[in-house]
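Biologist: I am new to this structure and would like to learn how to read it step by step. Could you take me through it, giving the general idea each time and then the case at hand?

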Amino acid sequence: MSITVYVPSALRNESGGQSVITMEVTESDSLKDVLDRVAVRHPRLGRRICDEQGRLRRFVNVFIDQDECRSLSGMDTLVEDGAEVRILPSVAGG
């Protein structure tokens, strides 16, 4: 069972230039489990996604397939086989 994590261009320096990370998952893996594994592989990317308490940073949005994780169960959302996880930093400007 595997999922695909998509890294936006703004964060690719933190993932060693990778735009796509493929990961193995189990039936009981939550988004937190997935992001923890991303952080093990790419610690700098992990620090940009989650804060020191392991919570999703305020200006980072994570979508599981078409749904923003905060509209689901947040970090406790189960990530199913074949899911696409997209990390999107918020865009701000004036």
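Modeller: Let us begin with pairing: two strands pair if DSSP finds at least two bridges between them. Helices (H or I, at least four residues) and strands (E, at least two) are themselves DSSP runs, numbered from the N terminus. Please keep in mind that this is a predicted model, in which local features need pLDDT of at least 70 and side-chain atom pairs count only at pLDDT 80 or more, while totals for chains, interfaces and linings use all residues. Residues are numbered from 1 along each chain as its sequence is written, and side-chain values use heavy atoms, with hydrogens and water left out.

Biologist: Which residue stands opposite tyrosine 6, and how many bridges join β1 to β5?

Modeller: Tyrosine 6 stands opposite arginine 86 in β5, and β1 and β5 (residues 84–89), which run parallel, are joined by 3 bridges. Strand β1 (residues 2–6) is also joined to β2 (residues 20–24), by 5 bridges and in an antiparallel sense, with serine 2 opposite glutamate 24 in β2.

Biologist: In what order do the elements of the chain run?

Modeller: From the N terminus on, the order is β-β-α-α-β-β-β, which comes to 2 helices and 5 strands. The radius of gyration, taken over C-alpha atoms, is compared with a globule rule of 2.2 Å times the number of residues to the power 0.38. For this chain the radius of gyration is 12 Å, close to the 12 Å that the rule gives for 94 residues, so the chain is as compact as a globular protein of that length.

Biologist: Which residues of helix α1 are buried?

Modeller: Buried means under 20% relative accessible area, exposed over 50%, and partly exposed in between, with a 1.4 Å probe and protein chains only. In α1 (residues 31–41) the buried residues are Leu31, Val34, Leu35 and Val38. Seen down the helix axis, they fall within an arc of 95°, so they line one face of α1; the arc is that of the directions from the helix axis to the C-beta atoms. What covers these buried residues includes β1, β2, α2 (43–49), β3 (60–64) and β5. With contact meaning heavy atoms within 4.5 Å, leucine 31 touches, beyond its neighbours within four places in sequence, residues including Val62, Cys69, Met75 and Val85.

Biologist: Where do nonpolar side chains tend to be in soluble globular proteins?

Modeller: In such proteins they tend to be buried together. A nonpolar core is a set of buried Ala, Val, Leu, Ile, Met, Phe, Trp, Tyr and Cys residues joined through side-chain atoms within 4.5 Å. Here the largest core has 24 residues, and among those with the most contacts inside it are Ile3, Leu31 and Val79. Its largest share, 4 residues, comes from α1.

Biologist: Is asparagine 13 buried or exposed?

Modeller: Asparagine 13 lies in the loop between β1 and β2, and it counts as exposed because its relative accessibility is 66%.

Biologist: How many disulfides does the structure hold?

Modeller: A disulfide is a pair of cysteine sulfur atoms within 2.5 Å, and the structure holds 0 of them. The sulfur of cysteine 50 is 9.2 Å from the closest cysteine sulfur, that of cysteine 69, which is too far for a bond. Cysteine 50 counts as buried because its relative accessibility is 12%, and cysteine 69 counts as buried at 1%.
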